[in-house]
Amino acid sequence: MGIEGLSRADIVGLLDLAEEFVELNRQVEKKRTSLRGRTQINLFFEVSTRTQSSFELAGKRLGADVMNMSTSSSSMRKGETLIDTAITLNAMHPDIIVVRHHASGAVELLASKLDGCSVINAGDGSHEHPTQALLDALTIRRNKGRIEGLTVAICGDILHSRVARSNIMLLNEMGARVRVVAPSTLLPPGIERFGVEVFRDMREGLSGADIVMMLRLQRERMNGSYVPSLSEYFHYYGLDEKKLSYAKPDALVMHPGPMNRGVEIDSIVADGTHSLIREQVEMGVAVRMAVLEALSRNLPNA
């Protein structure tokens, strides 16, 4: 699954379904039985507290038997290939596998080798992170009442960000005006082809923005130096109150997490009245429940 290939109707359908789960999750009784008797395996080759825990919670609230498969101590750390892993998983007859992998395209490869099993992309390399884009869209829609016509500025490490890629595709599909703001070293070649406006200055990029979406500086994916220093990066591209003032007075701030405070965002802004960062975490569970629920309707014998 990815944002690429989803129609506007598909996106709206998932967001509407997620709205139902937001309300369910705020009740004392949070359980449904959509996935009762089904097995969900969370296969995370990269550590992610938010994404893995929210998929686990989502599966359990829908009644699935959820297993978190540790890759740090498994055969995969001993040289087993991804295809061999797929063969092993096939023998377990799971119904849903949630995969996060450091290599772009790994989730698609795994899905092509699995029989009778739904595979959900929880992030693959710098390619896509579809459920993050969906939860961001849900957060925006709940707070602004719409997505179409809004100006969204995505700022920071665009080059290495699967979150940026998925959000650009979704926001464009939903009729938003999308900007990217970053130093030249952190902009992918030909980024303009994705239908975005490109800015290298925060003041210009944030001017009149409705949503300011900050991205983590992904130093683990960087070979070499992309910024002179972290302090200089924060000076020019870190979101503080002064830079936020360039956006609209009612602009809202987002961040997919984990945050590097003092690098891409100041704590005063992250914890301030414009911030939706905590709400994004809540929306994550609801969106992942919606994705699992949608899949459950297409599972054999459902």
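**Entry 1: a charge and a ring.** I looked up Phe234 in this predicted model and asked which residue lies over the face of its ring. I found Lys243 there, at 5.8 Å from the ring centre.

**Entry 2: aromatic pairs.** I then searched the whole structure for aromatic pairs, and the search returned 1.

**Entry 3: helices α1 and α5.** I turned to helix α1, which covers residues 8-25, and helix α5, which covers residues 130-144. How do the axes of these two helices cross? I noted that they come within 10 Å and cross at roughly 70°. Because of this angle, I recorded α1 as roughly perpendicular to α5.

I next listed the residues that make the contact. From α1 they are Ile11, Val12, Leu14, Leu15, Asp16, Ala18, Glu19, Val22 and Glu23. From α5 they are Leu134, Ala137, Leu138, Arg141 and Arg142.

**Entry 4: Gly37.** I located Gly37 in the loop between α1 and β1, the latter being residues 39-44.

Finally, I looked up the separation of Gly37 from Thr85, which is 48 residues apart from Gly37 along the chain. I noted 23 Å between their C-alpha atoms.

Note on methods:
Residues numbered from 1 in each chain as written. Predicted model: local features only at pLDDT ≥ 70, side-chain atom pairs only at ≥ 80, totals over all residues. Heavy atoms only, no water. Phe/Tyr/Trp six-rings, centres within 6.5 Å; stacked < 30°, edge-to-face > 60°. Lys NZ or Arg CZ within 6 Å of the ring centre and 35° of its normal. Axes fitted to C-alpha atoms, helices over the stretch in contact; angles between N-to-C directions. Helix = DSSP H or I, 4+ residues; strand = E, 2+ residues; numbered from the N terminus. Parallel < 35°, antiparallel > 145°, perpendicular 65-115°, else oblique. Contact = heavy atoms within 4.5 Å.
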